[in-house]
Amino acid sequence: MRLILVGPPGAGKGTQAGRLVADYNIPQLSTGDMLRAAVAAQSPVGLQAKAVMDAGGLVSDDIVVGIIRDRIAEPDAKNGFILDGFPRTIAQADALAQMLSENDLGLDAVIELRVDQSKLVDRIINRAAEAKEKGEPVRKDDDPEVFKDRLEAYNRDTAVVIPYYEKAGLLTVVDGMQSIDDVSREIESVLSKLDEKV
């Protein structure tokens, strides 16, 4: 099962990916985590990424794609993976399609968690308040101002991949404003229909 989860920050992608990892026994591939791991492992592409990040630059598509290529070649990704935070651009989506086709692979689905963005800031404020109540650290990106910047960046840069995958016939939209369990059930329903087609 090779999936991409798309949606703005705060839509619940991480939560749903965590559940899918447990259900399907496939890894969640988060570009941020993979970049950090590649840098820590001092792989060739990790060293390239470190040099760019140390200089305060943005890691190029080539480097990000190289990290994804290395990661999906690892044994735990043999039966599939969940991509979260990639692809962020049409160029990255094209590179992913080429990379998969070189290995005679394809994507099974792209699931968009569609949310009412006007209500996302409230959701983030609540999430931060709940973390404080539990004595847990509040995520840096749960600061409302930081979050608004991330949302703008998503709408400007990343949302363009949604029509790309819709045109390819891979996109399924799930209402991300439902409860976590209802979103999980809807995703499960989408994936079980894919299993029936196989």
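Serine 184 counts as buried in this predicted model, with a relative accessibility of 16%. Serine 184 belongs to helix H9. Apart from neighbours within four places in sequence, serine 184 is in contact with Gln16 and Arg19.

With a relative accessible area of 25%, glutamine 178 is partly exposed. When residues up to four places away in sequence are not counted, glutamine 178 touches Val183 and Glu186. Its side chain also reaches the backbone oxygen of aspartate 175, at 2.9 Å. Glutamine 178 is among the positions that UniProt, in an unreviewed entry, lists under "binding site"; the others are Gly10, Ala11, Gly12, Lys13, Gly14, Thr15 and Arg127.

Alanine 11, another position in that UniProt list, is placed in the loop between strand S1 (2–6) and helix H1 (13–24). Alanine 11 is buried, because its relative accessible area of 5% falls under the 20% limit. Leaving aside neighbours within four places in sequence, the contacts of alanine 11 are Leu113, Val115, Leu120, Arg123 and Gly176.

The sheet consists of 5 strands and is open, with the order S2-S3-S1-S4-S5 and parallel pairing. Strand S2 (28–30) and S5 are the edge strands, each pairing on one side only. On average, and with direction ignored, neighbouring strands of the sheet are turned by 25° against each other. S4 and S5 run parallel and are joined by 5 bridges. Isoleucine 111 stands opposite threonine 172 in S5. Helix H1 packs on the sheet, where it touches S1, S2, strand S3 (81–84) and S4. The direction of H1 makes about 160° with that of S1.

Glutamine 42 has a phi of about 55° and is found in the loop between helix H2 (31–41) and helix H3 (44–54). Glutamine 42 is exposed, with a relative accessible area of 56%. For aspartate 104, phi is likewise positive, at about 55°. Aspartate 104 is found in the loop between helix H5 (90–102) and strand S4 (109–114), and is exposed with a relative accessible area of 71%.

The structure holds 10 salt bridges. In one of them, the side chains of aspartate 54 and lysine 50 meet at 2.7 Å, N to O. Both residues lie in helix H3, 4 residues apart, which is about one turn of the helix. Aspartate 54 is exposed, at 57% relative accessible area, whereas lysine 50 counts as partly exposed, at 36%. A further salt bridge links the side chains of arginine 114 and glutamate 112, at 2.8 Å, N to O. Here arginine 114 counts as partly exposed, at 42% relative accessibility, while glutamate 112 is buried, with a relative accessible area of 7%. Arginine 156 and aspartate 157 also form a salt bridge through their side chains, at 3.3 Å, N to O. Arginine 156 is exposed, with a relative accessible area of 56%, and aspartate 157 counts as partly exposed, at 34%. Elsewhere, salt bridges that share partners join Arg71, Glu74 and Asp76 into one network.

Methods:
Residues are numbered from 1 along each chain as its sequence is written. This is a predicted model: local features need pLDDT of at least 70, side-chain atom pairs count only at pLDDT 80 or more; totals for chains, interfaces and linings use all residues. Side-chain values use heavy atoms; hydrogens and water are left out. UniProt positions are given in the numbering used here, feature names are shortened, and annotations may be inferred rather than shown by experiment. Helices (H or I, at least four residues) and strands (E, at least two) are DSSP runs, numbered from the N terminus. Buried means under 20% relative accessible area, exposed over 50%, partly exposed in between (1.4 Å probe, protein chains only). Contact means heavy atoms within 4.5 Å. A polar contact is a pair of N or O atoms within 3.5 Å; within protein, one must be able to donate a hydrogen and the other to accept it, and residues adjacent in sequence count only if both atoms are side-chain atoms. Two strands pair if DSSP finds at least two bridges between them. Axes are lines fitted to C-alpha atoms, for helices over the stretch in contact, and angles run from 0 to 180 degrees between N-to-C directions. A salt bridge is a side-chain nitrogen of Lys or Arg within 4 Å of a carboxyl oxygen of Asp or Glu.
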